[in-house]
Structure formats: C-alpha cells, structure tokens
Amino acid sequence: MRNTTALIGLACFALPHTPLLANEAPIEEVIVVEKYSKRTILLEDTLSVSPDTAQLLKDVPGGNVNGNGPLTGIPQYRGMYGPRIGVTVNGAAIAPAGPNWMDPPLSYAAPSQLVSLEVYRGIAPVSVMPESIGGAIVSNTKLGDFSETDDWQRTGRVSFSGQTVNDASLFGGMASFANQSHHIAVAAMSEQGEDQSFPEGKIRPTEFDRQRGEIAYGYRRDAHTFELGYTRNETGNTGTPALPMDIDYFDGDLFRANYAYAGDSWSINTQLNASELVHGMTKYHLRPAPQSPAQWRQNTTDVDNLGLHVTAQRDDNLGHWLLGADYQQEEHDGLIDNPNNPMFFVEGFNNASREVVGVFVEREHRLTDYLVSEIGLRVNHVTSDADAVDATPARMMPPAMMLRDTFNATDRKADDTNIDATAKVWWSQNENLVWYAGLARKNRSASFVERYLWLPLQATGRLADGFTYTGNLTLKPEQSNEIEFGADWSHKQFSMSPRVFFRDVDDFIQGTPSANASAVMMVRMMNMANGTTNPDPLQFNNVDARFYGFDLDWRASINDQWSISGLLNYVRGERRDIDDDLYRIAPPNASIQLNYAAQRVDASLELVAYDDQTHVSHTNREAQTDGYTLINLTAAYQFSDRLRLVVGAENLLDESYLDHLAGYNRARNPDIMLGSRLPGTGRNAFLRADIAW
Ligand SMILES: [Cu+2]
C-alpha cells in the first residue's frame with residue numbers, strides 16, 4: 001500500500017527532484033523527455049475534496065479553470081480553453097452533450113475515482129490528439145492492475161468526504177480482483193451538495209448531484225493486453241449560474257476497448273471508444289422561473305461520440321519512431337421547447353456532425369548524449385455537416401425566417417485539410433541544467449457550434465459572456481504558430497522549471513459584432529417582445545490573436561521534513577487585428593506552499609495570490625476584477641496502512657473576492673445582482689477519510 005512518504009508534501013505534480021545524472025544510470029539515459037514534457041497529478045495522492053477535476057489544473061504551471069458551475073469547470077491552459085485544449089478520458093476524446101459545455105470532457109473523469117491526470121507542458125506532441133493547439137490533458141481511471149502471480153488478489157478502497165461551504169458529501173469506492181492474466185474492477189461514486197456560501201450569502205443555484213458506476217475487465221497473455229470498460233454517468237439537478245439554464249440531467253453511457261502489444265522493439269496501442277450522452281437543461285427548475293410562462297424554456301440535447309486511436313512505436317538505439325492514425329466522430333442534436341406551450345420549438349442543431357481523420361509520425365531522437373529532439377508531423381482531415389432546421393419563431397418572425405431559409409439553402413458541408421508540425425529540443429548543459437526550446441504549427445477547425453448555430457442564442461460552447469451568437473458556415477481553421485523556451489534546473493535542494501511562450505494565432509475564431517442584419521433585428525425584436533436588454537448579437541468570425549507569457553514551478557527543501565514549493569503564472573491574450581484584449585484570460589497569479597511531511601503526517605499551508613485583471617475584452621464587454629489573496633490549510637494523518645484522514649480549510653480567512661474566470665450571474669438571487677461577476681466561495685472546512693485494503 002501507499003505510505004505517507006509517497007504523499008510528500010502534497011505536491012501534486014512530479015517535479016524533477018532528482019539530479020539528471022544518477023550515478024548508476026548509463027549516460028544514454030541522461031535526458032528523459034517524459035520528465036520535462038508533462039506534469040502528472042495522481043488524484044490518489046491529492047488531498048482535495050472538490051467534485052470538479054478541472055480545479056486540480058490550478059496545481060500545474062500554466063493551468064487554470066473557467067468555472068460555470070460546481071461540475072462545469074473548463075480547463076484553461078496558457079490563456080486558451082474550450083475545444084482548443086485537447087482532453088482525453090480513458091483514451092476517448094469526448095464531445096460534450098451540452099452546447100455550452102455544461103459537461104466539459106474532463107467532467108467525465110471524476111476525482112473520487114482514482115484518476116491520473118497528465119498535463120503536457122506547453123506544446124503537446126502531435127501523437128497525443130488532434131487539434132490540441134492550446135495544450136493537452138490526458139486522464140486515465142486507475143482501477144487496479146494485474147498482479148504478478150496466478151493467485152487472485154483483492155484490493156479495494158472507499159472514500160468519504162464532506163465539506164461545509166455547500167454541505168457536500170461524497171461516497172466513492174472500488175474493488176478489484178486480479179491475478180497475472182485477469183483483472184476485474186468495479187467502482188461506484190455518489191456525490192451531492194447544496195448551494196455554495198460566500199461571505200455575503202449564497203451563490204444560487206450551485207447545488208449538484210452526480211452518480212457514477214464503472215466496470216473494467218482486462219486480460220493479459222504474454223505481450224498482449226486487452227481491456228474493456230464501461231462507465232455510466234448520471235448527473236442530476238446541478239446549477240450553472242453563469243449560464244442561462246441549469247442542468248436537469250446528464251445520462252451517459254461510455255464504452256471503451258483497448259488492445260496493446262508490447263514486443264521487444266515494437267509496441268502497438270489501440271483504443272476504441274464510443275459514448276452516448278443525453279442532456280436536459282431548463283431556465284425554470286432550479287433558478288427562479290421567468291415570470292411570463294411564455295418565456296419558459298427547456299433544451300434537450302444529445303451527442304454520439306465514436307473514436308479510434310492507433311499507434312505503433314518502434315524503439316532503436318537512438319530513440320523511437322511513433323506512427324499512428326486516429327478518428328473522431330461526433331453527432332449532435334438540440335431541441336428547445338416550452339412546457340407551457342406545446343406549439344413552441346426551436347431546432348438548435350439537427351444532426352450537426354464533425355469528423356476528424358488524422359495520421360501522424362513522430363520521432364524522438366538522441367542527437368548526442370546531451371541533445372535530444374522530438375519532431376512530429378500530423379495531417380488532419382476535418383469534415384462537418386448539419387441538416388436543415390426549423391423553429392416556431394422562423395414561421396412567424398421575418399428575421400428568423402430569413403436566418404432559417406438562408407441556413408437551409410446554403411451548402412453546409414465543410415472540409416479542411418490541416419497540417420501540424422512540431423519540433424522540440426532538450427540540451428543538457430550539465431547534470432543540473434537542461435535547456436529546452438520548442439516550435440509548433442497547429443490547426444483547429446471550427447466546432448459545430450461555431451459553424452452551425454443559426455439563430456442568435458447564448459449557446460457558445462464555453463464563453464458565458466451573456467451575448468447571443470450566431471455561427472458562420474465559412475469559418476477557416478485557426479492556425480497557431482508557437483515558440484517556447486525554458487530550462488529545468490535542479491539541485492539537491494532546489495529545483496525550478498521556467499518556460500516562456502509566444503503564440504500567434506491566425507484566423508482565431510472569436511465573436512465579433514454581427515454584420516448579419518437579420519440576426520441583429522431578431523435580437524432587437526426579442527428584446528421588445530420580452531422586455532429584455534440583450535446587446536446586439538456577435539457572430540463567430542476569423543480574427544487574428546496573440547498569446548504570450550511565462551510560467552514556472554519550483555521547490556526548495558529545507559530539511560527532511562520541511563519544504564517550500566510554488567507556482568508563478570503570467571499570460572496575455574490580445575487581438576492583433578484591432579486594439580483589444582481576449583476574453584476570460586487568467587490574471588497573473590502565484591502560489592506558495594509550506595509543506596511538512598513526516599512518517600505519518602503531511603501538512604501544508606498555502607498562500608494563493610491573484611493580481612487585478614485589467615486586460616479585458618471590450619468586444620465581450622468583460623469587466624475588470626481586483627486581486628485577492630487566499631490562505632488554504634491541509635493536514636493528513638495516516639493512522640495505518642488502511643486508514644488515512646484528511647482535514648483542511650480553503651479560504652481560511654473567509655475572504656470576499658471575485659474570481660475573474662467565474663463568469664457572471666445569470667440567475668435571480670437576492671444576494672448577487674444579475675449580470676455581476678460571481679463571487680468566490682467562502683471559508684470551506686473539509687474532512688475526508690480513505691480506507692484501503
Ligand atoms: Cu446544458
């Protein structure tokens with residue numbers, strides 16, 4: 001079993017503590033690319049109780065999270081978020097069922113279920129996944145593993161946790177039976193919480209409710225391994241106060257099948273996945289309903305995902321070749337209606353589909369004992385299509401009729417061929433210092449929302465800026481050209497990994513004031529009919545953007561028990577075609593942790609500081625925020641091999657603050673004005689017990 005020292009200091013990420021040239025290691029192993037190119041978070045070792053896996057990204061340099069609700073954290077990495085960040089869950093790239101990403105891909109990896117989270121530092125290799133222009137996150141559920149003998153072995157674990165800020169509780173457990181050839185595991189999880197508190201009241205609605213079950217089977221013979229897995233996800237009433245509706249349900253069935261062959265110099269990895277996700281959301285069941293019954297709305301959506309990822313790796317004396325191909329398909333439907341009016345309907349998306357076929361080759365090559373390179377090339381063919389749409393407004397209001405008829409009369413098929421290339425190099429100057437440089441050109445084609453949203457709606461696939469949007473059938477792919485530099489410096493007692501990056505994105509897809517007269521007129525007519533004051537709509541268009549900044553993590557050990565570690569993040573996102581900043585970019589921030597780790601005890605005191613965000617988007621009418629400082633405290637005690645208790649407090653001083661990435665309040669609430677930025681949560685005390693056998 002895991003022992004306390006493995007939990008060293010609550011450091012959730014694996015920093016390169018050890019000197020690069022271990023005495024016993026042959027000189028060939030001087031540079032282990034894996035060590036520098038990503039950060040791995042083992043959730044088993046983290047002491048968090050958040051139900052939202054994305055929150056853990058704050059422990060990674062460059063990482064942050066855009067929060068739209070308690071289960072709806074959207075990863076942000078170096079200023080990019082949404083579909084620009086590639087995410088896989090057990091090998092699957094999941095297109096969310098919610099057109100507003102109420103179920104971001106990472107929400108299908110629940111933190112209570114023993115997940116490992118690998119966050120690529122900077123430029124992600126082309127082999128990891130297609131279209132990951134902003135970065136890549138790979139998560140895998142850990143449900144035990146094969147043992148080394150023929151005898152069956154049993155392992156298991158249950159976790160309980162509770163927290164005070166929202167009276168949330170969680171129960172999770174897993175059991176695994178394995179010998180050297182077979183491996184069976186089952187896992188289940190149930191969690192719920194009430195509305196979150198902040199110093200001036202409650203954030204409504206932020207209740208949540210989620211159940212999940214998982215079963216996996218693995219078979220191993222010689223060099224061959226087969227695995228099958230199935231996950232059932234049921235999310236119930238869950239608030240998303242930054243969005244116009246709340247979650248009624250998410251029902252998901254996720255299947256996966258893997259085959260791996262590990263030969264002497266060849267290895268093959270095949271991952272097949274399919275999922276069916278069904279979703280309902282409303283404007284009236286969790287938040288105060290609109291006064292007029294005519295304005296009640298519910299939206300039911302679904303997506304079918306199918307994916308295949310195949311790689312073959314050949315190792316040689318100087319590195320390895322990686323060849324591969326992948327396929328991703330998603331197909332979406334969405335229907336808005338009103339339970340008070342059976343006549344009313346809006347087909348938001350009808351069979352909107354997107355397909356990516358990719359082939360790639362990657363070479364990791366040791367040029368000298370001190371110089372290693374990784375070169376990658378990928379070609380993606382992206383096609384998308386959508387069927388004709390209809391809606392009651394389009395039968396009654398001329399501008400909606402015009403939008404529908406134009407959409408239906410246009411060729412909606414789109415097809416792009418995108419070529420990505422990456423080149424990275426690591427140079428070990430001495431045993432304590434490795435220099436790094438990376439260069440990449442990557443592309444992303446428009447998402448189905450950006451392309452096929454035909455009526456001005458607040459369905460933006462992540463933005464939550466309060467604007468209505470329409471899509472654009474003629475969007476060109478985004479093309480990102482990036483360069484990054486850094487160093488990994490590690491001494492016995494001190495290590496530090498800084499990176500600077502600079503990225504120009506041509507044809508960046510961004511909402512700009514709509515030039516479509518019908519869309520503008522439609523929004524104005526709806527304002528008159530409903531007494532609302534929605535601004536004129538935006539339309540997704542190609543603009544030019546730039547991202548730059550730096551980030552680093554560091555650690556210093558004071559003695560065997562005490563250490564200090566920290567993060568520092570700075571990113572800017574700007575438009576290049578006009579004088580404006582990009583929307584919803586993390587403010588400069590830093591954290592410092594004082595860690596204590598002894599035989600049975602782990603404790604940490606953390607100081608998190610966010611600066612003002614004054615670089616805001618005028619196009620998206622984004623409000624500035626002030627900086628703030630939070631103090632968090634955690635302690636874990638290992639009673640025995642079987643039992644560990646964790647206690648902690650987040651926002652210990654009950655600081656009142658505004659999280660720049662939290663979005664704006666869209667639900668009527670006596671404690672928070674409509675349209676004002678959502679506050680951060682107040683003091684949260686938590687307790688967690690892990691029992692393992
Ligand atoms: Cu939704």
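Is Asn-90 buried or exposed? In this predicted model, where residues are numbered from 1 along each chain as its sequence is written, local features are considered at pLDDT of at least 70, side-chain atom pairs at pLDDT 80 or more, and totals for chains, interfaces and linings over all residues. Side-chain values use heavy atoms, with hydrogens and water left out. Asn-90 has a relative accessibility of 10% and therefore counts as buried, the term buried being applied under 20% relative accessible area, exposed over 50%, and partly exposed in between, with a 1.4 Å probe and protein chains only. The residue is placed in the loop between S5 and S6, and its phi is near 50°, a positive value in a residue other than glycine.

A positive phi of about 50° is also found at Asp-222, which is not a glycine either. Asp-222 belongs to the loop between S13 and strand S14 (224–235), and with a relative accessibility of 71% this residue counts as exposed. A further backbone feature occurs at the peptide bond from Arg-204 to Pro-205, which is cis, with omega near -15°; Pro-205 is located in the loop between strand S12 (201–203) and strand S13 (208–221).

With regard to the overall architecture, the chain contains five helices and 32 strands, where helices (H or I, at least four residues) and strands (E, at least two) are DSSP runs numbered from the N terminus. The radius of gyration of the chain is 25 Å, close to the 26 Å that the globule rule gives for 693 residues, so the chain is as compact as a globular protein of that length; the radius is taken over C-alpha atoms, and the rule is 2.2 Å times the number of residues to the power 0.38. Along the principal axes, the C-alpha trace spans about 80 × 50 × 50 Å. Of the 693 residues, 56% count as buried, and the accessible surface comes to about 27500 Å², of which 56% belongs to carbon and sulfur atoms, as computed by the Shrake-Rupley method with a 1.4 Å probe. Among contacts (heavy atoms within 4.5 Å) with a separation of 6 or more, 69% are accounted for by residues 24 or more positions apart.

Side chains of opposite charge can pair when their charged atoms come close. A salt bridge is taken here as a side-chain nitrogen of Lys or Arg within 4 Å of a carboxyl oxygen of Asp or Glu, and by this rule the count comes to 38 salt bridges. One of them joins Arg-84 to Glu-478, with the closest N and O atoms 2.5 Å apart. Because Arg-84 lies in the loop between strand S4 (80–81) and strand S5 (85–89), whereas Glu-478 lies in strand S24 (residues 478–490), this pair ties together parts that are 394 residues apart in sequence. Arg-84 is buried, with a relative accessible area of 5%, and Glu-478 likewise counts as buried, at 0% relative accessibility.

A second example is the salt bridge between Asp-551 and Arg-121, in which the closest N and O atoms are 2.9 Å apart. Distant parts of the chain are linked by this pair, since Asp-551 is in strand S26 (residues 538–557) and Arg-121 in the loop between strand S6 (115–120) and strand S7 (135–141), 430 residues apart. Through shared partners, salt bridges join Arg-39, Arg-78, Arg-121, Glu-484, Asp-551 and Asp-553 into one network.Pro-70, in the loop between strand S2 (63–67) and strand S3 (73–77), counts as buried at 8% relative accessibility. With neighbours within four places in sequence left aside, Pro-70 is in contact with Pro-51, Asp-52, Gln-196, Thr-206, Glu-207, Phe-208, Thr-238 and Gly-239. Pro-70 and Ala-400, which are 330 residues apart in sequence, are separated by 35 Å in space, C-alpha to C-alpha.
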